[in-house]
Amino acid sequence: MVLLWIGIAVGVLIAVILIVKAVKTPSQDIMGVKLQCIKCGFKSNESKCPKCGNKPQTFGV
C-alpha cells in the first residue's frame with residue numbers, strides 16, 4: 001500500500017513538472033521549430049519561404 005502512495009506521488013510530481021514546463025515555454029519553441037529557410041536563411045512565420053518557395057524547380061534543365 002505504501003508503494004502505491006509513493007507511485008501516485010511520483011506520478012503527480014512528474015505531471016506537475018511537465019505542466020509547468022509547457023506553460024513557461026513560448027508557443028514557437030514547444031516542438032523546437034526554427035522558422036528559417038534551409039536554402040537562403042530567411043526568417044519567416046510560414047511553413048514555406050516566400051523567397052524560395054515560389055520559384056519553380058527546373059532541376060538544371
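Predicted model: local features only at pLDDT ≥ 70, side-chain atom pairs only at ≥ 80, totals over all residues.
Residues are numbered from 1 along each chain as its sequence is written. Local features need pLDDT of at least 70, side-chain atom pairs count only at pLDDT 80 or more, totals for chains, interfaces and linings use all residues, and side-chain values use heavy atoms, leaving out hydrogens and water.

Student: How many helices and strands are in the protein?
Tutor: Helices (H or I, at least four residues) and strands (E, at least two) are DSSP runs, numbered from the N terminus. The protein has one helix and zero strands.

Student: Is Met1 buried or exposed?
Tutor: Met1 lies in the segment before helix H1 (2–24). Buried means under 20% relative accessible area, exposed over 50%, and partly exposed in between (1.4 Å probe, protein chains only). Met1 has 69% relative accessibility, so Met1 counts as exposed.

Student: Is Cys37 buried or exposed?
Tutor: Cys37 sits in the segment after H1. Its relative accessibility is 16%, so Cys37 counts as buried.

Student: Which residues does Cys37 touch, not counting residues up to four places away in sequence?
Tutor: Contact means heavy atoms within 4.5 Å. By that rule, Cys37 touches Phe42, Cys49 and Cys52.

Student: What separates the C-alpha atoms of Cys37 and Cys52?
Tutor: Along the chain, Cys37 and Cys52 are 15 residues apart. Their C-alpha atoms are separated by 8.1 Å.
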